[in-house]
Amino acid sequence: MTSTAPLQDSGSRDLSPDPGHTTAHTSEGHGDFRLFGLATFLVADGMTFAGFFAAYLTFRAVNPLQEGSTYELELLLPTINTVVLIISSFTFHRAGKECRDGNLGASRLWLAITGALGAAFLAGQMVEYFSLPFSLTDNLFASTFYALTGFHGLHVTLGVICIAIVALQTRSGGRNTASDHFGLEAAELYWHFVDGIWVVLYGILYLL
Amino acid sequence: MTLANPSDFNGSLQPQGWLRYFSFSLDHKVIGLQYLVCGFLFYLVGGALAGAIRTELVTPLSDFMPRDTYNEVLTLHGTVMIFLWIVPVVNGAFGNYLIPFYVGARDMAFPRLNAVAFWLIPPAGILLISSYFIAGAAAQSGWTAYPPLSLTTPAAGQVVWILSVLLLGGSSIFGGINFIATILKLRRPGLKLMQLPMYCWAMLGTSILVVLSTPVLAGTLILLSFDIIAHTGFFNPSLGGNVVVYQHLFWFYSHPAVYIMVLPAFGLVSEILPVHARKPLFGYTTMVYSIMAIVFLGLIVWAHHMFTSGTPPWMRLFFTIATSFIAVPTGIKFFNWLATLWGGKIALNSAMLFSCAFIVNFVFGGITGVALAQVPFDIHVHDTYFVVGHFHYIVYGGTVFVIFGSLYHWYPKFTGRMLNEDLGRLHFLLTFVGFNLCFAPQHWLGLNGMPRRVAEYDPAFTTLNQVSSVGALLMALSTLPLLINVVVTALHGKPAGDNPWNALTPEWLTSSPPPVENWIGEAPLVTEPYGYGHHQDQPQEVAA
């Protein structure tokens, strides 16, 4: 049995600003489990959305709106937004691949494209908000619509900020290199999660 | 924090000595004791509030405090006891202290996240209690904050309450993530899951519940705060909203929350019984499976709290059956504990007294729980003192008794000194008599129709209420021998040595208190944490 002294090191660096951590976290039989921790957090975050979805579907089923107060949502803009977000997942995946292959410049370019797509999604959502015929407190449907899309939009906003930070860190001598790029992987996992949540949200909010 | 030198891990910049308990320490043992002491201070606050409630209920009239104040007091009592005492202590305190030992690690998986999780608690608690002073009125809608009640009582106090519970929920989720990662990923090489001490399994199951259910409460409370602040109508019937949706979402967290409070207690008692009965834990594998069965069933029984909320018949049927099923894995654990004690050489010290009393109290609370799962009976006693009695038999008779037992069991490890046994037995006697005197009569009160959460009651209920209040007084007095014990022991306690109980679990295989990174040298590989009688040097002592 080897010395077990540094068993917890890979985890201890989860929020560490220390830039000197480039090796060793797989040398003791324990992998790097920061991504595992993030995935567990995303399960929890997903349960928040699940609660919102359950509330929305129940409201729809048992609290019909009064005559004349049902609003047909425009489909074109949200559909474009959905496509934009799905494409951004692919571009992020490409950024991760380039980073692992050591092409940091290309990785950074793909990250910039991903961030731009995320920002475009947010812009599209703002346009939609300003063109909708109802506001937050008009009725139960309106409140739930804004709560769901707003909570998701908050996640997208955080994602875009993360992408910007990760892009700045992806350079030679930066935190993200071909061999060590936890920040990029974490942001990618989070972004796929936010993307997946949107697909479900689009399905039940716009299509159902 | 370089990897080559793990002794830097807790940072040479960290304060040493007693000051480290007031610092952003990353040491899991310091964080565990921070949780314990902080939780105990809130227990005193919650206990004082309970004392105020029982004082008010000595007479049928509301003559001790105004009715609004009574509502504030009962709301704060429930919230403080659940979110600031039981959940942080039975998970955060003992979990943080023991789990790294049990998995053979030098700390938790994410030490910084761990410190963040703890340091969310004091501000949240201060925020909650100060709402009484700064917001003009504390929340008055009970720890359940049901709308429309929570929408019509003073808004500022309710919003502060929501903010506080959100902070505590976040703390709980961070802790849960940490425990899952530590137990599943940070185990010492060579240590298999089925060799872990039972408390690890209990904390794994609890943390799964925390991660799956707490976020739903957070989302629900955010919607509730929108209703209060922005005047949306999610849960406001006059604006087209639906109060029953709130109840579903609330209980989707708050029923599992009962298991979040009691599963760790199951784990702790499974550690204490084998040590003091000198026998292996009976039925290890069935214990593990029954914990996981409780986790699964615990997630699909929430609507048994809502049998009077217009729940449709199929839902009543499903939730009655699912709830009754929980008695099966719980019963398995109960009989395993009895079989562990059976024929053992039992040392009836304070730790064991509290643990055995837990079994007695919990069986009683469990049986009334099965009774409450049956719709006809539940409708009869819904929102009466029967529910209050049942609930306190689970969380006080169950969990708090285990917390005290654990304190006597692990205090030598925490401090290197033994707690005084005579004071410990006095503490136990006062707690056990006081507890049963306080809460047993509430079952009769409930069956006879006394509603919960009211400051005034029918004079016919006076005698039983006064008995209950005498019990509460004994419980209040029981805190004194404990406090004296802790203070006196800290000054003049008998040195404990490394392993005063001659126990086999890993935390006893190091000094008391343990060094910063738990072991000098390599972490021991403990594959038989309950192997009493399996080795020459650890003879199983069976009474003739």
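Helices (H or I, at least four residues) and strands (E, at least two) are taken as DSSP runs and numbered from the N terminus. On this basis the secondary structure of chain A comes to 6 helices and 0 strands, and the pattern along its sequence is α-α-α-α-α-α. The model is a predicted one, in which local features need pLDDT of at least 70 and side-chain atom pairs count only at pLDDT 80 or more, while totals for chains, interfaces and linings use all residues. Residues are numbered from 1 along each chain as its sequence is written, and chains are lettered from A and ligands numbered from 1 in the order in which they are written.

A residue is called buried if 20 or more other C-beta atoms lie within 10 Å of its own, exposed if 12 or fewer, and partly exposed in between, with C-beta atoms placed from the backbone. Chain A has 208 residues, of which 40% count as buried. Two residues are in contact if their C-beta atoms, placed from the backbone, lie within 7 Å. Of the contacts in chain A between residues at least 6 apart in sequence, 71% join residues at least 24 apart.

A nonpolar core is a set of buried Ala, Val, Leu, Ile, Met, Phe, Trp, Tyr and Cys residues joined through C-beta atoms within 7 Å. The largest such core has 190 residues, and those with the most contacts inside it are Ile86(B), Cys200(B), Val269(B) and Phe354(B). Apart from it lies another core, of 6 residues, among them Tyr385(B), Phe386(B), Val388(B) and Leu445(B). Leaving aside residues up to four places away in sequence, Phe354(B) touches Phe401(B), Val402(B), Phe404(B), Gly405(B), Tyr408(B) and Phe428(B).

Val388(B), a member of the core of 6 residues, is found in helix α14 of chain B. Val388(B) counts as buried because it has 20 C-beta neighbours inside 10 Å. Its contacts, not counting residues up to four places away in sequence, are with Gln442(B) and Arg452(B). Val388(B) and Arg452(B) are 64 residues apart in sequence, yet their C-alpha atoms are 7.2 Å apart in space.

Two packed helices are described by the angle between their axes and the distance between the axes. Helix α2 (residues 67-102) and helix α14 (residues 385-415), both of chain B, pack at an angle of about 35 degrees with their axes 11 Å apart. Here axes are lines fitted to C-alpha atoms, for helices over the stretch in contact, and angles run from 0 to 180 degrees between N-to-C directions. The contact is made by Ile86(B), Val89(B), Val90(B) and Phe94(B) of α2(B) and by Val395(B), Thr399(B), Val400(B), Ile403(B) and Ser406(B) of α14(B).

Helix α11 (residues 327-341) of chain B has 15 residues and reaches 21 Å from its first C-alpha to its last. This is close to the 21 Å expected at 1.5 Å a residue, the expected span being 1.5 Å times one less than the number of residues. The buried residues of α11(B) are Pro329(B), Thr330(B), Lys333(B), Asn336(B), Trp337(B) and Thr340(B). Seen down the helix axis, these buried residues fall within an arc of 120 degrees, so they line one face of α11(B); the arc is that of the directions from the helix axis to the C-beta atoms. Their cover includes α8 (243-277), α9 (284-298) and α12 (350-373) of chain B. After α11(B) comes Gly343(B), with a positive phi near 75 degrees.

Most residues other than glycine have a negative phi, and most peptide bonds are trans. Arg278(B), which is not a glycine, has a positive phi near 55 degrees and lies in the loop between α8 and α9 of chain B. Arg278(B) is buried, with 21 other C-beta atoms within 10 Å. Arg453(B) also has a positive phi, of about 60 degrees, although it is not a glycine; it lies in the loop between α15 (421-447) and α16 (462-492) of chain B. Arg453(B) is partly exposed, with 16 other C-beta atoms within 10 Å.

The peptide bond from Pro147(B) to Pro148(B) is cis, with omega near 5 degrees, and Pro148(B) lies in the loop between α4 (121-134) and α5 (149-152) of chain B. Another cis peptide bond joins Ser512(B) and Pro513(B), with omega about -10 degrees. Pro513(B) lies in the segment after β2 (494-495) of chain B.
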